[in-house]
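Take a look at the model first, and then we can walk through it together.

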Amino acid sequence: MASDDKEIIALENKAWEHWKKADKAAYTELMAEPAVKVSGAGIVSGKQSFLASELPKGCGKRDFALDSFTVHKISKDVQIVTYAAQITQTCNDEPDDHTLYVSSVWAKKGDAWKNVMLTESEVAN
């Protein structure tokens with residue numbers, strides 16, 4: 001695995017850790033502006049809208065497991081990582097467990113990789 005691949009996967013894991021802790025400041029540090037998210041709930045653009053969709057009110061007790069990572073090098077400054085994410089959380093005191101297929105686009109901004117787009121597709125049961 002190339003060093004950039006390892007770095008992108010580590011950043012993706014870091015983003016999920018920030019999601020788990022609901023650490024908005026740390027989470028947004030990994031994003032470029034505008035951050036774009038596409039999911040079954042719609043399309044959002046901008047860090048604040050992205051955060052609102054990722055950390056909705058009433059949801060907490062988050063955990064996750066990620067697997068089947070593949071990094072697709074588009075150019076020296078753009079990479080896409082795809083993987084599966086198993087989510088466990090509560091929303092409004094009800095369990096909200098599900099599995100997602102995720103693609104996340106990272107772009108090199110100066111010396112740092114930044115997340116520019118996230119797509120989540122819920123796995124049908």
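Let us start with Ala 85, which touches Trp 16, Ala 65, Leu 66, His 98, Thr 99, Leu 100 and Val 102, leaving aside residues up to four places away in sequence; contact here means heavy atoms within 4.5 Å.

This is a predicted model, where local features need pLDDT of at least 70 and side-chain atom pairs count only at pLDDT 80 or more, while totals for chains, interfaces and linings use all residues. Residues are numbered from 1 along each chain as its sequence is written, and side-chain values use heavy atoms, without hydrogens and water.

## Two tryptophans and a phenylalanine

By the pairing rule there are five aromatic pairs: rings of Phe, Tyr and Trp (its six-membered ring) pair if their centres lie within 6.5 Å, with planes under 30 degrees apart counted as stacked, over 60 as edge-to-face and the rest as tilted. The ring centres of Trp 16 and Phe 64 are 5.4 Å apart with planes at 40 degrees, so this pair is tilted. Trp 16 sits in helix H1 and Phe 64 in strand E3, 48 residues apart; helices (H or I, at least four residues) and strands (E, at least two) are DSSP runs, numbered from the N terminus.

Trp 19 and Phe 64 make an edge-to-face pair, at 6.5 Å between centres and 70 degrees between planes. Together, Trp 16, Trp 19 and Phe 64 form one aromatic cluster.
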